[in-house]
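The exercises below are meant to be worked through with the sequence and the model side by side. Try each task before reading its solution.

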Amino acid sequence: DYTGVLPNEIYINNIPNNQIEKSYYFDNSDDNINIVKLIWNQTLDSTYEMFRDCKNITEIDLSNFDSSLVRYMNGMFSGCSSLISLDLSNLNTSLVVNMAYIFSRCSSLISLNLSNLNTATVTNMENMFNECASFITLNISSFNTSKVIYMYAMFNGCSSLSSLSLFNFNTSSVTLMYRMFYGCLSLNSLDLSSFNTSKVIDMDRMFYGCSSLKSLDLYNFDTSL
């Protein structure tokens, strides 16, 4: 059920299951839609590429979105290049296993509320913030990464990011870290002394292009594999 209060605003309320089998849900060619409010109380196990390449959307309201059964959020906001802020504090992500590319190419995003994001079951964070070129700071201190296997290109192309705290990251299950910080041009210090890299088999170009990096702590890095 699609309804709009304003000409450029759309409310989505419980799309029938037989209409949500596409890889993504919204027509990215509709130049008239700028604001999306989700009111969704039906069973969904995937929001895969839900807003992929919706380049004109400036606001997404998730405050009334029931995501309690969602397992796959990969690419959910990928390519939403006009989004400036996004609040995920009300999302229930307790069952989510895949968050790869979830914010990839959100090039205008400067404010992202992830404070209540539950990542305890997530195994894939590859390209999670890929080409989020407007972030100056990013607070992911609440992340539980104990089950994450893939972190490659996680911060690839975050060219404005100047500081990043990953001290809480548990990387004991991670196998791939290549291009993890590739192109982080503004990053001036990085403390990865808490990283467990005993299972990592690929670190290729992990810090490539980090031209402003003055402090890098890799004290506990295990590169034996």
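A residue counts as buried when its relative accessible area is under 20%, as exposed when that area is over 50%, and as partly exposed in between. The model used here is a predicted one.

**Exercise 1.** Decide whether tyrosine 152, tyrosine 150 and tyrosine 178 are buried or partly exposed.

*Solution.* Begin with tyrosine 152, whose relative accessible area is 14%, so this residue is buried under the 20% cut-off. Next take tyrosine 150, which has 33% relative accessibility and therefore counts as partly exposed. Finally, tyrosine 178 has a relative accessible area of 25%, so tyrosine 178 is partly exposed.

**Exercise 2.** Work out how the ring of tyrosine 152 is arranged against tyrosine 150 and against tyrosine 178, and state where the second pair lies in the chain.

*Solution.* The structure holds 13 aromatic pairs. In one of them, tyrosine 150 and tyrosine 152 have their ring centres 6.4 Å apart and their planes at 70°, and because planes over 60 degrees apart count as edge-to-face, this pair is edge-to-face. For tyrosine 152 and tyrosine 178, the centres are 4.5 Å apart and the planes are at 10°, which makes that pair stacked. Both tyrosine 152 and tyrosine 178 lie in the loop between strand S6 (111–113) and strand S7 (189–191), and because they are 26 residues apart in sequence, the pair ties together separate parts of that loop.

**Exercise 3.** Find which tyrosine ring lies under the charged end of arginine 179, and list the phenylalanines that form one aromatic cluster.

*Solution.* The charged end of arginine 179 sits over the ring of tyrosine 182, at 3.9 Å from the ring centre. The cluster is formed by Phe51, Phe77, Phe103, Phe129, Phe135, Phe155, Phe181 and Phe207.

**Exercise 4.** Describe the chain as a whole, and then say where the prediction calls for caution.

*Solution.* Start with the secondary structure: the protein chain has eight strands and zero helices. Of its 225 residues, 44% count as buried, while the chain exposes about 10100 Å², of which carbon and sulfur atoms supply 46%. Among contacts with a separation of 6 or more, 77% come from residues 24 or more positions apart. As for confidence, the average pLDDT of the protein chain is 87, and 83% of the residues score at least 70. However, pLDDT stays under 50 over residues 1–10, for which the model has 25 contacts beyond four places in sequence. Over residues 13–24 pLDDT also stays under 50, and there the model has 24 such contacts.

Methods. Residues numbered from 1 in each chain as written. Predicted model: local features only at pLDDT ≥ 70, side-chain atom pairs only at ≥ 80, totals over all residues. Heavy atoms only, no water. Helix = DSSP H or I, 4+ residues; strand = E, 2+ residues; numbered from the N terminus. Buried < 20%, exposed > 50% of the residue type's maximum accessible area, 1.4 Å probe, protein only. Contact = heavy atoms within 4.5 Å. Areas by Shrake-Rupley, 256 points an atom, 1.4 Å probe, with all protein chains shown as cover. pLDDT = per-residue confidence, 0-100. Phe/Tyr/Trp six-rings, centres within 6.5 Å; stacked < 30°, edge-to-face > 60°. Lys NZ or Arg CZ within 6 Å of the ring centre and 35° of its normal.
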